[in-house]
Protein chains: 2
Amino acid sequence: MKKEGFSESELAAMSPKDFRSLVRRGEWTDKTLPACRGYAQANLAIVPKDYAFEFLVFCHRNPRPFPVVDVTEPGDPHPKLVAPEADLRTDLPKYRVFQDGALIDEPTDISNYWREDLVAFVMPAGRSFDWSLRAANIQYRVTGWYVSSIQCVPAGRFHGPMAVTHRLFKTSYDAVRAVQITSRHLSMHGPPIHIGDPAIIGISAPAPQEPGEISMCWGCGVAKPVALESKVPFMITHCPSYLFVTDRLSEELAVL
Amino acid sequence: MKKEGFSESELAAMSPKDFRSLVRRGEWTDKTLPACRGYAQANLAIVPKDYAFEFLVFCHRNPRPFPVVDVTEPGDPHPKLVAPEADLRTDLPKYRVFQDGALIDEPTDISNYWREDLVAFVMPAGRSFDWSLRAANIQYRVTGWYVSSIQCVPAGRFHGPMAVTHRLFKTSYDAVRAVQITSRHLSMHGPPIHIGDPAIIGISAPAPQEPGEISMCWGCGVAKPVALESKVPFMITHCPSYLFVTDRLSEELAVL
């Protein structure tokens, strides 16, 4: 099955630079999941400089959902550490713009929203460790992401519930291996934050579970619940599943 | 041999709370190395809020020397995450005060210097992983700390050379185990940043090396070179080897 003219293997084999060019030119408008096998894909959050310290402390206190790998200089849309040639204003297929705690726009380009006082935070997503789980032949499925009842540790004006991704594993062996493998990927959510019934962390209707499957949840970098609850005057994030493809391999970012 | 009335085993067995009380009352004025076996001891850096975002980005870009585990609220001297009952103004035996890039004081208490706009950063020291190396019976000696020729990645107004600690290991086995063990301790400098001749990173006169010993350097949280070169108007740090004893065991902070 082709998407926007590309086969799955063409997308997986594409370099991050080529894929970002496609996105920049408006020739890839879909989710980024199949693109650039092995490369870390990242969530994005952008706040005004006046909020940047508090947001970075917030991320620091909540490293499972918000594992920052790059902080841009104010006004600079280029993430120098993870993809210096990229432009964070144009290289994601879809964004979300929040104003005073409300979602006001879902543009495909944020050049018109860009300001000289904006600071961007690049945070690799669980998508990135999925490459490692697949490479190790772990049997599982991702059911989606949910807003949990776990409250993030607040920092300054930032607070709100933690989003999580939910995965179901075929066997205990697969689940144990997944804990081990994701523990190596601390900069992409690290190990799970919950094992067992997702209802315990407030997720009442995840995908139906098959007998014997093991349920685990990881922190998720979707910042919508935080943007809404914190009511920050201005914040931009990626749109869930429309991620930023970095130049760094997931294995480059692994801690062991 | 007793120090300030305490035997080595009494000091090692002391709780962090009791040890900090001694320090606070001025009854322990020496280096903290022998105190509270197993507990993470931390470096400290304090800057005005106007500099706090740039300093946190600086630490984030240089996690080997500056692995932050706690950032206080402006004006609040209590590190809520690692030792909520502690007072960072009084609970270290010796501090250093920098003004406009010059060391102006080495007080034993910084209450007189405290201001409502100060933000403190607590960063576990290599001292903390030494407990784990000793517990694994690794044979080595710490020769001291040095200013290397490696430049930290700058952030805003912060820049300067990286300080390192230098250790000599008896055998390749000990050295390999030390890489493995310190890799687990990412929040206390993590793995070494240099293996082999320290002259390569600008350290010309470390302690003499015995035949067969393996030389390795770790990032070090002594911020003096950064305070001097960055010429920040005001900054307080711990005095090297006079550390802050946290309530967290080194093993609690380990990533694996």
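Is F129(B) buried or exposed?

1. F129(B) counts as buried, because its relative accessibility is 0% (buried is under 20% relative accessible area, exposed over 50%, partly exposed in between, with a 1.4 Å probe and protein chains only). W218(B) also has 0% relative accessibility, so it counts as buried.

2. A word on the basis: this is a predicted model, where local features need pLDDT of at least 70, side-chain atom pairs count only at pLDDT 80 or more, and totals for chains, interfaces and linings use all residues. Residues are numbered from 1 along each chain as its sequence is written, chains are lettered from A and ligands numbered from 1 in the order written, and side-chain values use heavy atoms, leaving out hydrogens and water.

3. Over all chains, there are 26 aromatic pairs (rings of Phe, Tyr and Trp, the last by its six-membered ring, with centres within 6.5 Å; planes under 30 degrees apart are stacked, over 60 edge-to-face, the rest tilted). Take F58(B) and F66(B): their planes sit at 40 degrees with centres 5.6 Å apart, so this pair is tilted. Both F58(B) and F66(B) are buried.

4. F129(B) and W218(B) make a tilted pair too, with 45 degrees between planes and 5.4 Å between centres. F129(B) belongs to helix α4 (residues 126-135) of chain B and W218(B) to strand β9 (residues 214-220) of chain B, so the pair ties together parts 89 residues apart in sequence (helices are DSSP runs of H or I, at least four residues, and strands runs of E, at least two, numbered from the N terminus).

5. W218(B) also has the charged end of R167(B) over its ring, 5.2 Å from the centre (NZ of Lys or CZ of Arg within 6 Å of the ring centre and within 35 degrees of the ring normal). In chain A, R127(A) lies over the face of W131(A), 4.4 Å from the ring centre.
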